[in-house]
Amino acid sequence: MKVSGLPKSILENLYTIDKKSVSQISVLLKCSENKINYWLSKYKIKKRTISDAIYQLKNPLGDPFALKQPKNLKEGILFGMGLGLYWGEGTKRGNGGMRITNTDARMLQKFIKFLESFFGIDKNKLRFSIQIHHDIEIEAALNYWSRELGVKKSQFYKTLVLKSRGEGTYKYKSQYGVVIVQFNNTRLKKIICNMIENFS
């Protein structure tokens, strides 16, 4: 194709609709990236930010989730509970994905159900980290959290063993350690954080 006369409609289809990168378009049209950037600017087609471009490369098929609104009171309670749990226990700052930390298996079960029910997330795609004190058996903690959360052991990263600082009540409160539930998607974190902001 002769890029010197590149039609706006073709560029919009490739960049905006098909979500191809400048680099991919330049290869497809056999021209330089500078030429593609020139036409994007000339046609005033808004370029994606670096973070959006990286996100697109990591998710070429689109978002790995889909928002579903609660349909009844029971679902509404679970939805509100999920937002509340993330508000209190989840990471809201930084550029990373979603992370929520707790020692209560029932609470984490509810949050996972929240992700499954309203965002269509397959819990096999979730990842987990366990933090334990040195006097807790790693295998016992892994078996407990795998069973209670209904997920595979392969979804857990290497267990982090912490050195205890004196005696305390931690053995009763977190006898199987602390678990971090992770879903590495910055866009979903932003959506949930925006929902929380709208409630506050």
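This is a predicted model: local features need pLDDT of at least 70, side-chain atom pairs count only at pLDDT 80 or more; totals for chains, interfaces and linings use all residues.
**Burial.** I started with how much of the chain is tucked away: 36% of its 200 residues count as buried.

**Fold elements.** I counted nine helices and four strands. Reading from the N terminus, I get α-α-α-α-α-β-α-β-α-β-α-β-α. I then checked the overall spread: the radius of gyration is 22 Å, while the globule rule gives 16 Å for 200 residues, so the chain is more spread out than a compact globule. I also took the extents of the C-alpha trace along its principal axes, and they are about 75 × 40 × 30 Å.

**Contacts.** I looked at pairs in contact that sit at least 6 apart in sequence; 73% of those contacts join residues at least 24 apart.

**Serine 146.** I picked one residue to look at up close. Where does Serine 146 lie? I find it in helix 7, which covers residues 138-149. Is Serine 146 buried or exposed? Its relative accessible area is 13%, and the cut-off for buried is under 20%, so Serine 146 is buried. Then I listed what Serine 146 touches, skipping residues up to four places away in sequence: Val151, Lys152, Lys153 and Phe156.

Methods: Residues are numbered from 1 along each chain as its sequence is written. Side-chain values use heavy atoms; hydrogens and water are left out. Helices (H or I, at least four residues) and strands (E, at least two) are DSSP runs, numbered from the N terminus. The radius of gyration is taken over C-alpha atoms; the globule rule is 2.2 Å times the number of residues to the power 0.38. Buried means under 20% relative accessible area, exposed over 50%, partly exposed in between (1.4 Å probe, protein chains only). Contact means heavy atoms within 4.5 Å.
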